[in-house]
Structures are given as structure tokens and as C-alpha cells.
Amino acid sequence: MTERRVFVLAALAILVIAAALWLSSQRHLPRDIAAGTKLFPDLKTAELREVDITRAGARRVVTLENRDNAWTVAERDHYPADAARVRGLVLGMADFTIVEQKTSDPKNYPAIGVEDIALPAAAGTQIDLKSASGTTRLIVGRSSGAKASFVRKPGGAQSLLATPQVYADPEPKNWLHRPIVDIATDRVQEARVATGKVSYVLTRKDRSQPNFALASAPKAKVLASDTAGNAVGTALSGLELDDVKKFDAAQWQAPTDHAEFRTFDGWIIGIDGRVDGEQHWIRLSSRYDEALAKGFQPPPAAPSAVAAAQKPQLNVRKDAEALATRAAAWTYEVPKYKYDAFFRPLDEIIKKP
């Protein structure tokens with residue numbers, strides 16, 4: 001046997017031994033931290049009753065509770081939560097898949113944000129998913145690229161890089177279901193506005209009238225243009241909240257602003273407004289007026305059966321009653337531009353002397 005052949009055989013033997021050792025080491029790795037393994041393979045998302053989000057100092061910042069099969073935000077008196085956003089967080093947790101192992105030395109945890117959440121300067125977020133059968137916990141640290149995060153199970157030493165990337169927003173108001181009401185401008189017949197001691201009425205005589213006219217106002221006041229009043233008439237379109245709190249009668253003894261919107265199909269929505277520093281708050285009332293609805297011709301029929309089938313059918317009485325029930329116990333913070341549209345001062349829409 002030549003010297004070269006001996007060398008080749010020796011090298012192959014070393015490779016075989018190394019591969020065997022590697023396979024043996026992999027065989028003894030804990031199954032729950034092997035690359036490609038899901039972190040929570042047995043998580044039953046349909047059984048979850050609560051999701052807790054905790055930040056530094058073990059301070060719980062958000063509590064999402066499932067009440068009667070509807071997610072709510074406990075920090076906002078159990079106002080409805082954005083179900084799609086809650087579902088996204090829960091499914092992200094259920095899909096967490098290990099990419100690779102990282103440090104198991106607590107001294108290195110801060111570098112990737114997976115230190116104990118009880119520490120005052122902890123950078124990560126602990127997410128607790130609770131069901132009747134137990135609690136699933138995970139500390140989510142810093143992001144790695146656009147698709148992965150560093151994570152660690154509380155009480156465990158091994159940190160991991162896992163995908164997908166999950167973000168648990170620490171601000172309760174960002175978990176709220178934001179839509180309040182959405183009424184298309186072409187449905188609005190009249191807007192009655194009172195700001196301070198000045199009041200005015202904008203109206204359209206029928207659906208064919210494109211712009212709102214000034215029907216009632218202090219003497220000799222004229223709109224600055226044909227379209228000047230339209231900003232008020234569009235205010236109920238796509239109305240969403242920034243925040244919410246329980247109605248407190250003491251704070252609403254004398255609201256500074258008031259508006260009432262009437263639709264051609266009989267929906268009347270009252271809006272009281274007050275400004276608190278940088279926040280703009282409204283309170284809503286809602287009712288259906290059959291006489292108002294009968295006073296105007298219904299909109300033209302759809303030009304075809306297909307178009308009619310595609311257009312959602314309105315049940316105005318039901319919608320009005322639903323809003324009345326939903327809004328009775330709450331006041332809503334809305335964006336400043338929406339508040340200004342509801343209660344636009346008359347001086348801003350009339351011709352200047």
C-alpha cells in the first residue's frame with residue numbers, strides 16, 4: 001500500500017468518525033430546541049382566554065381578554081379589541097419556529113433583549129398566552145433582520161433565533177377596535193352645528209344636490225364658495241377612534257360643541273364635543289326617525305340585477321339602534337381633523353366682510 005493511499009484512507013476515517021460524533025451530538029439535543037422545530041407545537045389557539053403583555057420591571061402593560069368569544073382590552077374597561085390584530089399575535093406565537101440556538105449565558109442576554117423581564121432595564125417583552133389548561137410564556141427580544149426575533153422561554157437558559165417576527169404593542173389603545181361609524185357623504189341630508197354661542201345649519205334639499213347650502217345662520221352670512229360646507233357634511237365618513245374611555249356624566253354637564261347629522265334615510269346622530277388639552281373627545285347619540293326617511297325619495301334603483309346584488313343592503317333602523325347601544329357607555333377620542341370637521345366654526349366657511 002502506498003504512502004499516499006494510507007493518507008487518503010486515514011483522512012476518510014477521520015471524516016467518518018467526525019460525522020458519527022456530530023450525528024450523536026444531534027441525537028442528544030433537546031427536541032424542543034432543534035432547528036426547524038416549532039416552539040409551541042401543542043398550542044391550541046382556539047382555547048385561549050387571555051393574552052398578557054409585560055415589559056421591564058414585570059409591569060403588565062396590556063391585558064387582552066376573551067369574553068363571550070370576543071376579545072377586549074382590559075385597560076380600557078373591556079372595550080372591544082381589534083380581533084384581527086389579536087389573532088395575528090396569537091398565530092405568530094403558534095408559528096414560532098427555531099432558526100438556531102443562541103447564547104445560554106445570562107451575561108449575554110441584554111445584547112439580544114431576552115433578559116429576565118423582572119429587571120428594571122429589561123429590553124424585551126414577555127407574552128403570556130393563557131387557557132384553562134395552562135399558560136404559554138415567551139420573552140421576545142430584539143429583531144434580527146426583517147423576519148426573525150431573538151426569544152427565550154422564561155426560566156430556561158437557552159436563547160434562540162426564531163421566525164416569524166412578532167411585535168406585541170405595549171400601548172393598550174393601539175389594540176382597540178377603531179371603527180366607530182361610516183356614513184357616506186351622499187347619505188347626509190343636513191348638519192346642524194353649534195360652537196360656543198354661534199349655530200348654523202347646512203342642508204341639501206334632495207340627493208341630487210351635490211353641495212351643502214347654508215340654510216340657517218346669523219343674518220347676512222354667505223358661504224365662501226359652493227363647496228365650503230362640504231367638509232362638515234363628510235365628517236361621518238370613516239370615523240375612527242384614537243382612544244376610548246367610559247362615559248363620565250360629570251365631565252359632560254356642559255359640552256362646548258354640539259352637532260347633529262341627519263341622513264336622507266332617517267338616521268339621526270348627535271355629537272357632543274369637548275377638548276381636553278391636546279385630546280379631542282366626542283360622545284354620540286343615535287336614533288332612527290321614520291318620518292324623516294319618508295320625507296325623501298329613496299335612491300335610484302341599481303341599473304342591473306348584478307349591481308343590485310353587489311351593493312350592500314341597508315337596514316338603517318338596525319344600524320341606528322346598534323350604534324346607540326354601542327356608544328351609550330363610551331366617549332371617544334378622535335383625531336383633531338375629524339373634530340374640526342364636526343364643529344367647524346362658521347367664520348371658516350363664510351365670506352369675509
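Contact here means heavy atoms within 4.5 Å. Keep that in mind for the close-ups below, which come from a predicted model.

**View 1. Helix α7 from end to end.** Let's start with α7, a helix of twelve residues (316-327).

View 2. Which residues of α7 are buried? They are V316, A320, L323 and A327. Looking down the axis of α7, these buried residues fall within an arc of 65°, so they line one face of the helix. Here's the general idea: an α-helix has 3.6 residues a turn, so residues three or four places apart point the same way. Over on the other side of α7, K318 and T325 are exposed.

**View 3. What the buried residues of α7 pack against.** Four strands show up here: β10 (179-181), β17 (267-276), β18 (279-288) and β19 (330-333).

**View 4. T103 in its loop.** T103 sits in the loop between β5 (97-101) and α3 (109-112). Its side chain makes a polar contact with the side chain of N108, at 3.3 Å. Setting aside residues up to four places away in sequence, T103 touches N108, Y109, I112, A157, Q158 and S159.

**View 5. A122, tucked into another loop.** You'll find A122 in the loop between α3 and β6 (125-131). Is A122 buried or exposed? With a relative accessible area of 8%, A122 counts as buried, because the cut-off is under 20%. Beyond its neighbours within four places in sequence, A122 is in contact with A56, E115, D116 and I117. From A122 to Y109 is 13 residues in sequence and 9.6 Å in space, C-alpha to C-alpha.

Methods. Residues numbered from 1 in each chain as written. Predicted model: local features only at pLDDT ≥ 70, side-chain atom pairs only at ≥ 80, totals over all residues. Heavy atoms only, no water. Helix = DSSP H or I, 4+ residues; strand = E, 2+ residues; numbered from the N terminus. Expected span 1.5 Å × (residues − 1). Buried < 20%, exposed > 50% of the residue type's maximum accessible area, 1.4 Å probe, protein only. Arc of directions from axis to C-beta. Polar contact = N/O pair within 3.5 Å; in protein donor to acceptor, adjacent residues only side chain to side chain.
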